[in-house]
Amino acid sequence: MAVLTVRGVPDEVHRALRARAAEHGRSAEAEVRAILAAALVPPHRLLLGDALVALGRDLELSDADVDALEERADRSPAEPLTMP
């Protein structure tokens, strides 16, 4: 876990933080963690696999459709980019 120190917090902000923490029944430090998490971490992280499954369902792809796509897929390695 990282440690974060915030200097120069105005007294008014610190008082509001302590009041909000008390309302939620937690320490000021726990309140800061909750505020940061709510502001910076999306509530529902989009997982690529879930998105692909949803797309397949929306398009109503069958197993035969997926098999046909797999058969046509180019499995050769990609050529590296060259800079002029």
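Mentor: Start with Arg75. Arg75 is exposed, at 62% relative accessible area. The partner of Arg75 is Glu70, and their side chains form a salt bridge with an N to O distance of 3.1 Å. That term means a side-chain nitrogen of Lys or Arg within 4 Å of a carboxyl oxygen of Asp or Glu. Glu70 is partly exposed, at 47%. Elsewhere, shared partners link Arg20, Arg26 and Glu31 into one network of salt bridges.

Some ground rules. This is a predicted model, where local features need pLDDT of at least 70 and side-chain atom pairs count only at pLDDT 80 or more, while totals for chains, interfaces and linings use all residues. Residues are numbered from 1 along each chain as its sequence is written, and side-chain values use heavy atoms, with hydrogens and water left out.

Now count. The whole structure holds four salt bridges. One of them joins Arg20 to Glu31, at 2.7 Å from N to O. Arg20 sits in helix H1 (residues 11-23) and Glu31 in helix H2 (residues 28-40), so this pair ties together parts 11 residues apart in sequence. Helices here are DSSP runs (H or I) of at least four residues, numbered from the N terminus. Look at the two ends of this pair. Arg20 is partly exposed, at 39% relative accessibility. Glu31 is buried, at 0%.

Stay in helix H2 for another pair. Glu29 and Arg33 form a salt bridge, and their closest N and O atoms are 3.0 Å apart. They are four residues apart in helix H2, so about one helical turn separates them. Glu29 is exposed, at 56%. Arg33 is partly exposed, at 48%.

Last stop: Glu71. Glu71 belongs to helix H4 (residues 63-72). Glu71 is exposed, with 69% relative accessibility. Now compare Glu71 with Ala30. The two are 41 residues apart along the chain, and 53 Å separates their C-alpha atoms.

Conventions. Helices (H or I, at least four residues) and strands (E, at least two) are DSSP runs, numbered from the N terminus. Buried means under 20% relative accessible area, exposed over 50%, partly exposed in between (1.4 Å probe, protein chains only).
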